[in-house]
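This briefing goes through a protein model one topic at a time. Please look at the sequence and the structure before reading on.

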Amino acid sequence: MSRARVANSTIYKGRSGQWTFVAHRTTGFLVFFFLLLHIIDVSLVNVDPELYDEVHELYGNVFLRLFTLGLLFALLFHALNGLRIIAVDFFPRAVRNERVLTGWVVFLTLAAGLPVAWVIMWPWLEGRF
Amino acid sequence: MASTVERPGSPIAPSAQPGRRPRQSFETWQWFFMRVSGLVLVFLALGHFTITHVINDVADTDSAFVANRWDNPVWRIYDWSLLALALFHGLNGLRVIMDDYIASPGKRAATKALLYAVSFGLFAYGTLTIVTFG
């Protein structure tokens, strides 16, 4: 990577800002591709409702439940970090508390995500799937 | 070398630059769209996830569940709003990522053409699903 490339690319000055920037892009990218997949799987409800039910049953499978946990945490992080970005954009002085805000994003992602993860995995833990 | 894209980023800090307002370009508007759609999507997307994975178990959301839900036009509007905002929020996000990381103009144009074709195609297809169901 040349020096010029670095100079022109979007680069923050390391630390939490850099990591949330990378994580925001990664999670956004993942959620977008889930959306494309989801548009297709839902469309089956029109094509053939029985096929929809068959395909949909796969979502109850433990592997797709784990996949859903990925979606859950990506979605939560992206949403909460997006709120942090909006806060900093509209109240520029909030950037002084950048690290505290990032701490809140991570904390709330886990605080909301872990109980929901438990709920999603519960039918499998009970041995129903 | 990466091309420099005309992007004001966040038009922040009028206080830091007294008397200066950023020039309004497409990039200003997409910046604004990302904030507004993002804010709405916090509620729409997390609400949808809560309905399909917390209130109901995902294994129970079969075609009968969809039929019952889409019987009410409010839920069709909800789902269509979620589809439209999430898709264009994501499309624009990916456009920006492509501007940042694909240095070759030819490859960038080709990748974006694919992105736009897939996104608009699936937007039309998803809309069709919601509108013509039942």
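What pattern does chain A follow, read along the sequence? Chain A follows the pattern α-α-α-α-α, with five helices and zero strands. The model is a predicted one.

**Chain A as a whole**

- Chain A has 129 residues, and 42% of them count as buried.
- Among the contacts in chain A with a separation of 6 or more, 67% are accounted for by residues 24 or more positions apart.
- The accessible surface of chain A is about 7,800 Å², and carbon and sulfur atoms hold 71% of that surface.

**Chain B as a whole**

- Chain B has four helices and zero strands, and its pattern along the sequence reads α-α-α-α.
- Of its 134 residues, 44% count as buried.
- For contacts in chain B with a separation of 6 or more, residues 24 or more positions apart make up 65%.
- Chain B exposes about 7,300 Å², with 69% of this area supplied by carbon and sulfur atoms.

**Helices α4 and α5 of chain A**

- At what angle do α4(A) and α5(A) pack? The angle is about 155 degrees, and the axes are 9 Å apart.
- Angles over 145 degrees count as roughly antiparallel, so α4(A) and α5(A) are roughly antiparallel to each other.
- The crossing in which α4(A) passes α5(A) is right-handed.
- Sorted by class, the contact of α4(A) with α5(A) has 21 nonpolar, five polar and three charged residues.

**Helices α2 and α3 of chain A**

- Helix α3 of chain A covers residues 49–57. Its axis and that of α2(A) come within 6 Å and cross at roughly 150 degrees.
- This pair is also described by its angle: α2(A) and α3(A) are therefore roughly antiparallel to each other.
- α2(A) and α3(A) make a left-handed crossing.
- On the α2(A) side, the residues that meet α3(A) are A:Asp41, A:Val42, A:Leu44, A:Val45 and A:Val47. On the α3(A) side, they are A:Pro49, A:Leu51, A:Tyr52 and A:Val55.
- By class, this contact of α2(A) with α3(A) has eight nonpolar residues, no polar residues and one charged residue.

**A helix pair between the chains**

- Which helix of chain B does the axis of helix α2 of chain A come within 9 Å of? The partner is helix α3 of chain B, residues 73–101, while helix α2 of chain A spans residues 15–47.
- The two axes cross at roughly 130 degrees, and that angle makes α2(A) oblique to α3(B).
- In passing α3(B), α2(A) forms a left-handed crossing.
- From α2(A), the contact is made by A:Phe21, A:Arg25, A:Phe29, A:Phe32, A:Phe33, A:Leu35, A:Leu36 and A:Ile39.
- From α3(B), the contact is made by B:Leu83, B:Ala86, B:Leu87, B:Gly90, B:Leu91, B:Leu94, B:Val96, B:Ile97, B:Asp100 and B:Tyr101.
- The residues of this contact between α2(A) and α3(B) divide into 15 nonpolar, one polar and two charged.

- Is A:Asn81 buried or exposed? A:Asn81 is a residue of helix α4 of chain A. Its relative accessible area is 0%, so A:Asn81 is buried.
- Leaving aside residues up to four places away in sequence, A:Asn81 touches A:Thr20, A:His24 and A:Val105.
- A:Ala87 is also found in helix α4 of chain A. With a relative accessible area of 23%, A:Ala87 is partly exposed.
- A:Ala87 and A:Leu101 are 14 residues apart in sequence, and their C-alpha atoms are 9.4 Å apart in space.
- Where is A:Val95 found? A:Val95 is in the loop between α4 (62–90) and α5 (98–125) of chain A.
- A:Val95 counts as partly exposed because its relative accessibility is 45%.
- In sequence, A:Val95 and A:Gly17 are 78 residues apart. In space they are 9.9 Å apart, C-alpha to C-alpha.

How values were computed: Residues are numbered from 1 along each chain as its sequence is written. Chains are lettered from A and ligands numbered from 1 in the order in which they are written. This is a predicted model: local features need pLDDT of at least 70, side-chain atom pairs count only at pLDDT 80 or more; totals for chains, interfaces and linings use all residues. Side-chain values use heavy atoms; hydrogens and water are left out. Axes are lines fitted to C-alpha atoms, for helices over the stretch in contact, and angles run from 0 to 180 degrees between N-to-C directions. Helices (H or I, at least four residues) and strands (E, at least two) are DSSP runs, numbered from the N terminus. Angles under 35 degrees count as roughly parallel, over 145 as roughly antiparallel, 65 to 115 as roughly perpendicular and the rest as oblique. A crossing is left-handed if the near helix is turned anticlockwise from the far one by less than a right angle, and right-handed if clockwise. Contact means heavy atoms within 4.5 Å. Ala, Val, Leu, Ile, Met, Phe, Trp, Tyr, Cys and Pro count as nonpolar, Asp, Glu, Lys and Arg as charged, and the others, Gly among them, as polar. Buried means under 20% relative accessible area, exposed over 50%, partly exposed in between (1.4 Å probe, protein chains only). Accessible areas come from the Shrake-Rupley method with a 1.4 Å probe; for residues, only the protein chains shown count as cover.
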